[in-house]
Amino acid sequence: MANFNTHLNVAFMVSGTLSLAVYKAGLVGDSGFLMCVALGTIGGLLPDLDSDHSTPIKLGFNIISFVFAFGLVMHWRSELSLLALMALWLAGYGFMRYVVFHIFTNMTVHRGVIHSVPYMAIMGLGMTCLSYYGLQMPLTASWFYGLFLFGGAMVHLTLDELYSVNLSNMKMKRSSGTAMKFYQHKDKWWYLLLYAILLLLIYIAPPFEIFWSRLSDPSAWAQLRVGILPELVKSMLQ
């Protein structure tokens with residue numbers, strides 16, 4: 001499969017290019033552009049959360065452990081002594097980084113249900129719902145955030161499938177089909193749960209028709225066509 005740097009760089013390039021197009025079309029603002037790039041890049045690393053030794057999961061748990069320990073200290077800062085707070089900090093960090101991380105890695109199998117299309121669709125729709133209902137973001141931006149997260153994950157899964165092809169003699173490796181998957185019989189109950197959650201998120205998601213009407217508005221893409229070439233190039237072509 002593709003390595004960490006490949007996933008990171010390709011996801012960043014793809015999300016950056018598409019974000020620029022959406023931004024120049026006037027569909028998102030400055031902050032929306034940055035969020036789309038960031039979420040697309042994060043999505044490109046998301047499927048490897050089920051790998052015990054991957055860089056994203058280690059980095060993610062380090063950050064979560066730090067935030068958890070910081071939260072504990074801030075909550076008890078006025079009631080505990082300095083030594084007690086230091087002990088609480090170390091205990092909170094150690095609990096998340098080693099105990100919870102150990103449980104998580106034992107419960108997940110690399111290229112299991114996390115490394116699948118329905119799981120990534122849940123992440124994308126979950127981001128859309130969180131942005132719209134939780135953070136009160138505009139509807140168009142919320143849908144773009146979810147789509148860019150999902151799109152980055154699809155870039156990851158596509159790269160893994162491409163790396164499963166031995167191009168020298170055009171043969172499929174044993175890993176072929178383990179990345180871009182929709183169902184595995186051995187995990188049928190997990191997939192049943194995934195699709196049930198996905199249907200629920202589709203039901204409660206913000207209105208897609210409004211987003212689609214904005215996305216398909218010809219005036220936005222006309223604006224993009226106007227600004228697609230630098231003025232110098234335009235003058236040379238005239």
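Residues are numbered from 1 along each chain as its sequence is written. Local features need pLDDT of at least 70, side-chain atom pairs count only at pLDDT 80 or more, totals for chains, interfaces and linings use all residues, and side-chain values use heavy atoms, with hydrogens and water left out.

Let's start with confidence. The protein has a mean pLDDT (the predictor's confidence in each residue, from 0 to 100) of 76, with 71% of its residues at 70 or more. Over residues 231-238 the pLDDT is below 50, and over residues 165-172 it stays under 50. Where pLDDT is low, the predicted coordinates should not be read in detail.

Now for the helix pair. H6 (residues 139-162) packs against H8 (residues 208-215) at about 90°, their axes 9 Å apart; axes are lines fitted to C-alpha atoms over the stretch in contact, and angles run from 0 to 180 degrees between N-to-C directions. That makes H6 roughly perpendicular to H8, a label covering 65 to 115 degrees. Trp143 and Phe144 are among the H6 residues that meet H8, whose side includes Phe211 and Arg214; contact means heavy atoms within 4.5 Å.

Key. Helices (H or I, at least four residues) and strands (E, at least two) are DSSP runs, numbered from the N terminus. Angles under 35 degrees count as roughly parallel, over 145 as roughly antiparallel, 65 to 115 as roughly perpendicular and the rest as oblique.
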